[in-house]
Amino acid sequence: MDTREQALRVGGRRIRVSNTDRVLYPSTATTKGDVIAYYRAIAKTMLPHCRDRPATRKRWPDGVGPDGRGDSFFQKNLGGSAPDWVRTADIQHRDHVNTYPLVNDEATLVWLAQLASLEIHVPQWRFDASGRPGRPDRLVFDLDPGEGVPLAQCARVAFLLRDLLRASGLTAVPVTSGSSGIHLYAALDGTLTSDEASSTAHEFARSLEADHPDQITGSMKRSLRPGRVFVDWSQNSAAKTTVAPYSLRGRIRPTVAAPRTWRELASPHLRQLEYREVLRRVEKRGDPLAALL
């Protein structure tokens, strides 16, 4: 293992990185250096989807392991080792205050990658100019396949949900989650509170379940999920997060939460994408999720 340190100059910031040869994804021999390089390359595309949103990180200091079950932990609070140039904002929780980093620039993204923060999770709202939590600017649905449900069935549900949203004047963009399912995003105009957005999303999930009870559930009961797609509407809550578009995932292979086109979603060969594929796609085709910004 390479224990030497080196300094990177990113956006005028000096970032000390170490152990860049450490393998974080054994199945593909993907190193921490590869992870840092990916986040540098995708930063221009990813940052607009994260800007001014409090970032919860999921870290794998020793990598995901050969079976994808390596030790990991979520980190919400900034921590004492953060550079003083990282932008932050506070959230008052029930009995404490957490200071969160805002992933607003490439340097912050690289610093998080140095800490093996493979996944970055953000809410559907941003802090406003006064530093207060704002109203949500997007709606999200997590289409989670139950036991025995293939990705293609999730895609069929995504099309059904797209049509429901379109009938309500909302344009949806799909994201293969990098895990097992599909996320759907739709832009909001800022008039709904998080509670109202969550209730609206719940109504869409109920409508789908009512029309397709054998294929879809919007219930939180895990016993109802085998053989069905769970339409998780709850991530619209102000207190919840979703893995950020273009974030890596802590799976066996270095997959990414990758925005896709509807044409891709209709393909019988649909699958989750890995980080090198995502970089090639963005370079060639741009960002399918840019329409939400």
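Me: Which helix is the place of Ala107?
Reply: Residues are numbered from 1 along each chain as its sequence is written. The model is predicted: local features need pLDDT of at least 70 and side-chain atom pairs count only at pLDDT 80 or more, totals for chains, interfaces and linings use all residues, and side-chain values use heavy atoms, leaving out hydrogens and water. Helices (DSSP runs of H or I, at least four residues) and strands (runs of E, at least two) are numbered from the N terminus. Ala107 falls within residues 106–114, which form helix α2.

Me: Is Ala107 buried or exposed?
Reply: Its relative accessible area is 4%. Buried means under 20%, exposed over 50% and partly exposed in between, with a 1.4 Å probe and protein chains only. Ala107 is therefore buried.

Me: Which residues does Ala107 touch, not counting those up to four places away in sequence?
Reply: Contact means heavy atoms within 4.5 Å. With residues up to four places away in sequence not counted, Ala107 touches Val10, Arg13, Ile15 and Trp85.

Me: How many Å separate the C-alpha atoms of Ala107 and Leu208?
Reply: Along the chain, Ala107 and Leu208 are 101 residues apart.

Me: Which residues is Ser18 in contact with, leaving aside neighbours within four places in sequence?
Reply: Ser18 lies in strand β2, residues 13–18. Ser18 is buried, with a relative accessible area of 12%. Beyond its sequence neighbours within four places, Ser18 is in contact with Arg4, Glu5, Lys32 and Gln114.

Me: Is α1 roughly parallel or oblique to α6?
Reply: Helix α1 (residues 32–50) and helix α6 (residues 275–285) have axes that come within 11 Å and cross at roughly 25 degrees. Angles under 35 degrees count as roughly parallel, over 145 as roughly antiparallel, 65 to 115 as roughly perpendicular and the rest as oblique. Axes are lines fitted to C-alpha atoms, for helices over the stretch in contact, and angles run from 0 to 180 degrees between N-to-C directions. So α1 and α6 are roughly parallel.

Me: Which residues of α6 meet α1?
Reply: On the α1 side are Asp34, Tyr38, Ala41, Ile42 and Thr45. In α6, they meet Tyr275, Val278, Leu279 and Val282.

Me: Are α3 and α4 roughly parallel or oblique to each other?
Reply: Helix α3 (residues 151–167) packs against helix α4 (residues 194–211) at an angle of about 125 degrees, with axes 11 Å apart. Leu160, Leu161, Leu164 and Leu165 of α3 make the contact with Phe204, Ser207 and Leu208 of α4. The two helices, α3 and α4, are therefore oblique.

Me: How many disulfides are found in the whole structure?
Reply: Cys50 is buried, at 0% relative accessibility, and Cys154 is buried with a relative accessible area of 0%. A disulfide is a pair of cysteine sulfur atoms within 2.5 Å. Across the whole structure, the number of disulfides found is 0.
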